Amino acid sequence: MAASISGYTFSSVCYHSANSNADHEGFLLGDVRQEETVSISDTQISSAELLQVVEIHHHDPCAQLFSFYDYAGKVSEESLNSILKDRRKNVIGWYRFRRNTQQQMSFREQIIHKQLTQLLGVPDLVFLLFSFISTANSSTHALEYVLFRPNRSRYNQRITLSIPNLGNTSQQEYKVSSVPNTSLNYAKVIKEHGAEFFDKDGVMKDIRTIFQVYSALQDKLQAVCGEVEQSERVKEKIQEEVNKLKQQIALRKRKTAEEERRLREAQNADSHSTPEENTEPCEGSPLSGITFPTPSAPERPSTSPNPPSYTDLMSQDDSLLPSSSPPTSAALLPRPQAVGSPGHPTPGPTVMGLGLGHGLGLGLSASSNPVTTPSTPYLGNGDGSSSDSLDRQAAGQEDDDDEEEDDEDEDSSEYENLVSEGAHLPMVSASVLAQGRPAALSPDGDAHGSQAT
Amino acid sequence: MNNMSPEVALHRISPELRPLLCSVVRNGRVGLDSTNCLRVTDLKTGCTSLTPGPCCDRFKLHIPYAGETLKWDIIFNARYPELPPDFIFGEDAEFLPEPSELPHLVHWDAGNPECLLQLVKELIQQYHHYQCLRLRESSRLLFEYDSLLEDPNYGRNMEIYAGRKNSWTGEFSARFLLKLPVDFSNIPIYLLKDTALDPGEDVALLSVSFEDAEATQVFPKLYLSPSIEHALGGSSALHIPAFPSGGCLIDYVPQVCQLLTNKVQYVIQGYHKRREYIAAFLSHFGTGVVEYDAEGFTKLTLLLMWKDFCFLVHVDLPLYFPRDQPTLTFQSVYHFTNSGQLYSQVQKSYPYSPRWDGNEMAKRAKAYFKSFIPQFQEGAFANGKL
C-alpha cells in the first residue's frame, strides 16, 4: 500500500496544526485506487502486482477536541454527520496532531479508529499522526508524521507517505498530481479561453504548428540529401579526371627529363671547364636541381598535400608558359619562392639564364631571389589542391618539401642561398643563356610572361 | 528530566492540572509493591513554544507492577484542563482496556484531585486482566495461575506480568508477584522502628519468574519491606528454598509462606524467651544485675563476686534465642590487657539446652559461673596486669 498527499494539503494541515494551542484533529478526504503493474521479463513470466494507492486530496479540520466522541471515546454518528455532511463518502482517514508525544497511536485514538472504520464503512481507514517534537531549549522543532493503517496486523501498520514534488525538482521530474481539480472558477476560465489554445479535437494548437514545422524541415532535409548525393557524384568524376591528367603530366615529365639528360651529356662532352661544378658542388649539376622535382613528381599522388612543383608543371605543359620558351626551358625556370623562404639553390643558374643579358637585372634578381611564378591553368584541381600548391610554392612551402625529398644537403638558411645564388650567377649565366631562357622575374616582381602568385 | 523530584514536576505542570498530579506523586501507591511510589518524568507541553510556562501537560508515569516498571504516557491539554487525559501504554501496544471498565474515565471529573489516581488504579486492574489473558498462551502457566486464583489466600493479591514472546525462539515468560499472607503484626515494635525510611506497610512479596513456558527455569525471589527485613535479621532472612523442578506454585508458595511465618514466629518467640530469660536472671541474681536491655532484652550485665574476686558477666542473647546459645563474656574488674581493655574471656559453649525455661537457665548459669570462675581468675592473674 502506498499513500500520497499533495503538497498544499500537507502544508495546510501543518498550518492548522501548528497554529493550534492544543491537540488538533480532523478528517482526510481523498481517493483509494488500485494499481496493477504487470511486469514482463525475459523469462516470459509476467507477474502482476496489485498496489493500493491512497491519495489524500483534502482535509477537514475539527473545530475542537471531543467534537464527535465523548469521554469514553464513543463516537457519535450524528456529530460525525454534522461535521462531514456530504463529504462523508470521501473520507479515507483521519488525522491527529499532538506535540511532544511518541509516534504511537494512543488509547483513545485506537478506540475511535475502530468505531470510525465501522461507521464510515472504510475497511482500510488510515490514521495520520503528526507530532511536533521540540528540544528542551526550543532551538530545534521537528514535525514528524506517520501514516498508520491500524486495521492491519501489528507489524504492518506504517505506510510511507509521499509528497510529490517535495524535493529537488530540477533533478527529478515535476510530477503532475492526479488530484482532480474541482474548482468551478478554474473550469469556467478554462472553458472561456480554451479555444485560443486548443483546436476542435482538443489538441493544443501549438502542437500542430510545431509538427508542421517539423515536417517541413524533414522534407527540406530529404531534398538536400539528394543534392548532396548528386554533387558527390560529380566530384567523383572530376576527381577521376584529375587523377588521369596528373598521371599524364608525370609521364611527360619523365620523358622531358630523359631528353634533357641526353642533351646535357652532349653538352658536357663539348665544354670541359664546366662551371657548374663550382656553382653548386653540393648539387652536382645546375640542372640537377631542376630535375629534382621530376623524379619525385610521379611519387606524389594526385591529391597529395604536396602538389607537383611549378617546374614539374612547367616542364610538362607548353601552354603553361606564355613565352615561347621550350618546355625544357620551363623546367629551368626558377621555382617561385616567397621572399624569406629557404631558397632553392637551383634557381641560381636559371635566374641567370632569365636575365637575358641584363646582368644587373640578373644580379638584382639573384640577390633578391625572385622567382617566376608561371601561370598555371591547373589552378583548379578538382579538389583545389593545386591552387593550394601554387600558393604554397609562392610561400616557399613546396620548396621545402621538394628539397627535403631530393636534396640531402639542403641549406635551410635563406640568406645563405641568396649569397650562393648571387655568387654563382655570373658563372652559370653563360651556359644558361646559351639555351635562350626566358626572362626572369625582376626583383620588383615583374613577371615576364609569368604570373606572380 | 529523569529522577525528577515530585516537587519539581509539580512546579512545571500547568496550574490547572496540578492538583491531579499532586495526589499521584504524593500519595500514589498502586499495586502490591507499595514501597515504590509512582514517579513522573519527561514533562512536556502541548502548547506552542511561545506559551509562557508553566504549561506542561503531558508526562511519563512510572508504575511498579509485578517487578517491572510500566512507563505510560499521560496526555492532557493545558488549554482544556477539564478534558480527560489520553494514554499511550508504552510497549504494551496491544493493551486496550474497555472504556466501560474505567468509570473514572467515563465520568471524568477534573475538579476531583483523586480522579487521575483512581483512573490509574483502574487501568492497572485492567492491565492485570490483560496479562492474565496473555497467560493463555502457555497452558502450564495458565494452570499455575488458575490454581493460585482458587486459593483465597493468594488469589486476590497477585500481579502477573506475562512477558513478551520472543519472536525468534517463541519463548514465553511470565512473572508472578504474590503478596504472602504472613502476619507481621506481632513483631515487637522495637525491631521495626529502626529503619531510616518510612516503612509503610509491612509486606513480603514473592516474585517467581518463569523463563519458559514449560516451567523448567524458575527463579523465585523474596522481597521484604525494609523493616521486616531488619526485624528478621537482615538479608540472610531472604534465603528461600529453590523452586522444585516439576513443582508448581500452589505447593511452593505455601511452603515459602510457612518458612516465613516460622521465621516470624521464631523472632516473636525469641523476644518472649529473652524476656523470660532476663526476668529469671533478674530474680536469681537480684542486685548483681548491673544493667540490661529493657526493650529488646538482648543484653544483660552482672557483677558477681566469688571469694572476694569480683568480675563482670556480659550476656548477649542472639536473635534466634533460645535456638542459639547466649554468649557469656567474663570480665575482670582488676586486670587490664596490654591494649588497655579489661581482661575478658568469652564463653560460647557451656552447658546449655534450648529446652530449659528461664529459671532453669538461670540456675544452670549460676552453677556454671561457679565452676568457671577459678579458671578465669587464674587466667586474669596470669595474663592481665593490675
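**Strands, helices and a pocket: how we know**

Mentor: Let's begin with chain B of this predicted model. Strands β6 (residues 174-179) and β7 (residues 204-210) of chain B run antiparallel and are joined by 6 bridges.

Trainee: What makes β6 and β7 of chain B a pair of strands?

Mentor: Two strands pair if there are at least two bridges between them. β6(B) and β7(B) have 6 bridges, so they count as paired. Within this pair, B:Leu177 stands opposite B:Ser207 of β7(B).

Trainee: In which sheet do these strands sit, and why are β5 and β8 of chain B said to stand at the edges?

Mentor: The order is β5-β6-β7-β8 (chain B), an open sheet of 4 strands with antiparallel pairing. β5 (158-162) and β8 (218-224) of chain B each have a single partner strand, so one side of each has no neighbour in the sheet. The twist from one strand to the next averages 15°. Helix α9 (residues 249-285) of chain B lies across β6, β7 and β8 of chain B, at about 150° to β7(B).

Trainee: What is the order of the open sheet that holds β1 of chain B?

Mentor: That one has 4 strands in the order β1-β2-β3-β4 (chain B), again with antiparallel pairing. Its edge strands are β1 and β4 (86-88) of chain B, each pairing on one side only. Here the twist averages 25° from one strand to the next.

Trainee: How do you know that β3 and β4 of chain B pair?

Mentor: Use the cut-off of at least two bridges once more. β3 (residues 68-75) and β4 of chain B have 3 bridges, so they pass. One bridge links B:Ile74 with B:Phe87 in β4(B).

Trainee: Now chain A. Why is α2(A) called roughly perpendicular to α3(A)?

Mentor: Helix α2 (residues 77-84) and helix α3 (residues 107-120) of chain A pack at about 70°, with axes 12 Å apart. Angles of 65 to 115 degrees count as roughly perpendicular, so α2(A) is roughly perpendicular to α3(A). The contact involves A:Glu77, A:Leu80 and A:Leu84 of α2(A) with A:Leu116, A:Leu119 and A:Leu120 of α3(A). By class, these contact residues are 5 nonpolar, no polar and 1 charged.

Trainee: Which residues lie nearest the centre of the largest pocket?

Mentor: They are A:Asn100, A:Ser134, A:Thr135, A:Ser138 and B:Thr45, among 23 lining residues. β5 (126-134) of chain A and β1 (39-45) of chain B each give two or more residues to that lining, and β1(B) gives the most, with 4. The pocket's volume is about 530 Å³.

Key
Residues are numbered from 1 along each chain as its sequence is written. Chains are lettered from A and ligands numbered from 1 in the order in which they are written. This is a predicted model: local features need pLDDT of at least 70, side-chain atom pairs count only at pLDDT 80 or more; totals for chains, interfaces and linings use all residues. Side-chain values use heavy atoms; hydrogens and water are left out. On a 1 Å grid over the protein atoms alone, a cavity is a set of points where a 1.4 Å probe fits but cannot get out, and a pocket is an open set with protein on both sides within 12 Å along at least five of seven lines; lining residues have an atom within 4 Å of a point. Grid points are joined across faces, edges and corners, and a volume is the space filled by probe spheres set on the points. Axes are lines fitted to C-alpha atoms, for helices over the stretch in contact, and angles run from 0 to 180 degrees between N-to-C directions. Angles under 35 degrees count as roughly parallel, over 145 as roughly antiparallel, 65 to 115 as roughly perpendicular and the rest as oblique. Contact means heavy atoms within 4.5 Å. Ala, Val, Leu, Ile, Met, Phe, Trp, Tyr, Cys and Pro count as nonpolar, Asp, Glu, Lys and Arg as charged, and the others, Gly among them, as polar.
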